[in-house]
Amino acid sequence: MLQVSFIRENREKVLEGLEKRHFSKTDLIDKILEFDKLRKRIQFQYNERLAESNRLSREIGKLFQNNQEKQANVLRDSSAILKERIIRLGNELFEHEQWLSRALLEVPNIPHELVKTGRSAQDNEIIDQQGALPSLKEGILTHWELAKKFQLINWELGVQISGSGFPVYTGQGARLQRALIEYFVNYNTHAGYLEYALPHLVNATSAQGTGQLPDKEGQMYHVSQDDLYLIPTGEVPLMNCFRDKLLQEQQLPLKITTYTPCFRREAGSYGVHVRGLNRLHQFDKVEIVQITTPETSYEALEEMVKHVKGLLNSLNLPFRILRLCGGDMGFTSAMTYDFEVYSAVQGRWLEVSSVSNCTNFQTHRLKLRYKNKAGKIQLCHALNASALALPRILASLLENYQSEDYIDLPEALVSFAGFKKITLPIS
RNA sequence: GGAGAGAUGGCCGAGCGGUUUAAGGCGCACGCCUGGAAAGCGUGUUCACCGGAAAUGGUGUCGAGGGUUCGAAUCCCUUUCUCUCCGCCA
């Protein structure tokens, strides 16, 4: 959520930024400014009337104590009249505040100046590419075929106990899941990220804090009996640890990481692009978050990009980094880098990580602030990245490292998995 | 799930309709005192919003949300959380 004061002081920049996103409701911006002016005027009057009422009450109290009941009753009558006005002004103020906060919720974050205008994925800029693209060999299999052949994933079992999109990992497949989680979390904690183990169900306030509500209501699973939501990403409980917090500048940057399963309804997704591990209702992910001062958040973004780069390099996967264009970026982000790993069999790039600087967009909703050295209180900046999401990493590992009778593991994973290669099950 | 007790500032803790503009203590910051320090004394010390160039003034804030009243930390209702006991349980 943007701050009204920011919109007021940077009206042109805001409009320009929204243009980059092809955000259509730009007239909302001027309406917000107008409503805010009105709101201030009403609040001023409201405060004045309340002050008057407080004065009267104090006087009435004194009169009663001095047994001057007659005069007290006169003041009491005038106070009643004043009260009617106060209620009217209070309602008016409330309505204006409601309208403003609802309008502000509709406005996305303003992109950084480096972010290019664009409508869709085609307009994203490729800014880096590493690792040789694997060539398409004879008899090469997709990861879902490999998972079946090596009995790493049992899709039918998942359907039997839950439905499609809920894979069951077995044997070396299950062990590999555990190894990947362990490897990623270790990699993050070694880089200074503090590990959290978090609830996987959150209340509505938390879902609102990170922006899942109200915009993405339908994409989350909801437990109606207790009014809780299954988390679509670890970012939700992780960021909400800091809701309503006032930090000291010395505490920043805060670097934190968590492993969680993620639950997404993904309603209306069909076809080859969602085959296998490409899109699931439940998957595992290790997330990293940084909370910084406004001055350092873009440095932190670069640091996180480097961090994820290192992680992918250590797995020897060919990947490229994109800077997303305005139209493809998430609602809360000011700048996002996507990491994509190449799948030779599927002939396309798979998104495995998304690194975003959300500036103060989330921290405003969360009321996450810090006191700087001069004692001034301001909003923190928040950044998040996947490091990493498991399914597509597993998919690319299987597809890129496959041989006829075995699948090699990258060196980094061997000690965590306890084996050097995935082998055919003994039938 | 049942019964009871509670939630007050950075922390402890009093207040249970009107000199509360939240006592008192601890902590912290600044000043005085001192050769230096301790003690002592003095001043300040939540956060949000509104007015003001600023100094500073106003409003709200005693877990949260409603209500009663001219006036609520205090009374009533709803709700969340914490503690104790019982029950159930990995």
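Predicted model: local features only at pLDDT ≥ 70, side-chain atom pairs only at ≥ 80, totals over all residues.
Entry 1: On the scale I used, buried means under 20% relative accessible area, exposed over 50%, and partly exposed in between, with a 1.4 Å probe and protein chains only. F361 has 1% relative accessibility and therefore counts as buried.

I noted eight aromatic pairs in the structure. The rings of F331 and F361 have centres 5.8 Å apart and planes at 80 degrees, so I recorded this pair as edge-to-face. F331 lies in the loop between β11 (319–323) and β12 (335–343), whereas F361 belongs to helix α11 (residues 361–366), 30 residues apart. Rings of Phe, Tyr and Trp (its six-membered ring) pair if their centres lie within 6.5 Å; planes under 30 degrees apart are stacked, over 60 edge-to-face and the rest tilted. Helices (H or I, at least four residues) and strands (E, at least two) are DSSP runs, numbered from the N terminus.

**Entry 2: other rings.** I found one aromatic cluster formed by Y183, F184, Y187 and F416. I also looked for charges over rings (NZ of Lys or CZ of Arg within 6 Å of the ring centre and within 35 degrees of the ring normal). The charged end of K255 sits over the ring of Y193, 5.0 Å from its centre, and that of K421 over the ring of Y406, 4.2 Å from its centre.

**Entry 3: cores.** I looked up the nonpolar cores, which are sets of buried Ala, Val, Leu, Ile, Met, Phe, Trp, Tyr and Cys residues joined through side-chain atoms within 4.5 Å. The largest has 60 residues, and F184, L312, F339, V355, I393 and I422 have the most contacts inside it. Apart from it lies another core of 18 residues, among them M1, L2, V4 and L28.

**Entry 4: helices.** In helix α2 (residues 11–20), I listed V14, L15, G17, L18 and K20 as buried. These residues pack against α1 (4–9) and α3 (27–65), contact meaning heavy atoms within 4.5 Å. After α2 comes H22, whose phi is positive, near 60 degrees.

Helix α4 (residues 69–105) has 37 residues and reaches 52 Å from its first C-alpha to its last, close to the 54 Å expected, that is, 1.5 Å times one less than its number of residues. Its buried residues, including A72, L75 and S79, pack against α1 and α3.

**Conventions.** Residues are numbered from 1 along each chain as its sequence is written, and chains are lettered from A and ligands numbered from 1 in the order in which they are written. Local features need pLDDT of at least 70 and side-chain atom pairs count only at pLDDT 80 or more, while totals for chains, interfaces and linings use all residues; side-chain values use heavy atoms, without hydrogens and water.
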